Amino acid sequence: MKPIRSRRILKKALLLGFLTPVSFVLLGAAGQSGAYADGKFTWKNIYVNRHLEVYSSSKANGAYVGTWPWNGTATQYWYASKQSDGYFRMDNYNSWKALDRWDGGSCDATQWSWWGGSQQRWKVLQNNNWTKEYGTLYELINKKGCRGDAYHDHLAANQNRNIYQAYLWPDSVCGGGRQFLDTKCFWK
């Protein structure tokens, strides 16, 4: 009975103008598919036109994270869960290890068992400045950062399209999407 009542309430809200049809779709059908919601999804870099994945479907701590053409395997899916500080934990769907920024002096993206550190926390920002050209884009910003620029380092594909590895680039290079578009820093 409750689902029927809920549908009736939603229909009344639509009829009375409390909800627009667009918000109804966002709340109902696609509530778990957006980058801001907990759930399973993929990240496609618009510069290299490849998807974020863990190298060779590895389940090991420290395995590299990079981009590869779409193949539909579990290693190209990620599960996001919002943490109490507003950042997201991104677990690889194949290994159930968290997207991490390696703390060994480089800015490479890796996976590691979740321990809750700031290098495992990601802010997901929707960028609407380039919607006309590219559709909705997202920036993935690491909480710890890499080059001494905490809260501003973006996950990016390698500028050499033949290199697999993903890594962090500073906001000054990525432009924060505000003045220019450096496509290696943006994801769909």
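Author: We start with the whole chain and then turn to single pairs of residues. This is a predicted model, where local features need pLDDT of at least 70, side-chain atom pairs count only at pLDDT 80 or more, and totals for chains, interfaces and linings use all residues. Residues are numbered from 1 along each chain as its sequence is written, and side-chain values use heavy atoms, with hydrogens and water left out.

Reader: How many helices and strands does the chain have?

Author: Helices (H or I, at least four residues) and strands (E, at least two) are DSSP runs, numbered from the N terminus. Here the chain has four helices and 12 strands.

Reader: What share of the residues counts as buried?

Author: Buried means under 20% relative accessible area, exposed over 50%, and partly exposed in between, with a 1.4 Å probe and protein chains only. In this chain of 188 residues, 44% count as buried.

Reader: And contacts? What share joins residues 24 or more positions apart?

Author: A contact means heavy atoms within 4.5 Å. Take the contacts in the chain with a separation of 6 or more: residues 24 or more positions apart account for 49% of them.

Reader: Next, salt bridges. How many does the structure hold?

Author: A salt bridge is a side-chain nitrogen of Lys or Arg within 4 Å of a carboxyl oxygen of Asp or Glu. The structure holds three. One of them joins Asp85 and Arg121, with the closest N and O atoms 3.2 Å apart. Asp85 lies in the loop between β5 (78–82) and β6 (88–92), and Arg121 in the loop between β8 (109–112) and β9 (122–127), so the pair ties together parts 36 residues apart in sequence.

Reader: Which residue does Lys143 bridge to?

Author: Lys143 pairs with Asp85, at 2.8 Å between the closest N and O atoms. Lys143 sits in the loop between β10 (137–142) and β11 (153–157), so this pair ties together parts 58 residues apart in sequence.

Reader: What about Asp91?

Author: Asp91 forms a salt bridge with Arg89, the closest N and O atoms being 2.8 Å apart. Asp91 is buried at 4%, while Arg89 is partly exposed at 22%.

Reader: Which cysteines form a disulfide?

Author: A disulfide is a covalent bond between the sulfur atoms of two cysteines. The cut-off is a pair of cysteine sulfur atoms within 2.5 Å. Here Cys107 and Cys146 form one, with sulfur atoms 1.8 Å apart. The pair links distant parts of the chain: Cys107 is in the loop between β7 (98–101) and β8, Cys146 in the loop between β10 and β11, 39 residues apart.

Reader: Last, the rings. How many aromatic pairs are there?

Author: Rings of Phe, Tyr and Trp (its six-membered ring) pair if their centres lie within 6.5 Å; planes under 30 degrees apart count as stacked, over 60 as edge-to-face and the rest as tilted. The count comes to eight aromatic pairs. Among them, Phe41 and Trp43 are edge-to-face, at 5.0 Å centre to centre and 85° between the planes. Phe41 is buried at 9%, and Trp43 is buried at 2%. Phe41, Trp43 and Tyr138 form one aromatic cluster.
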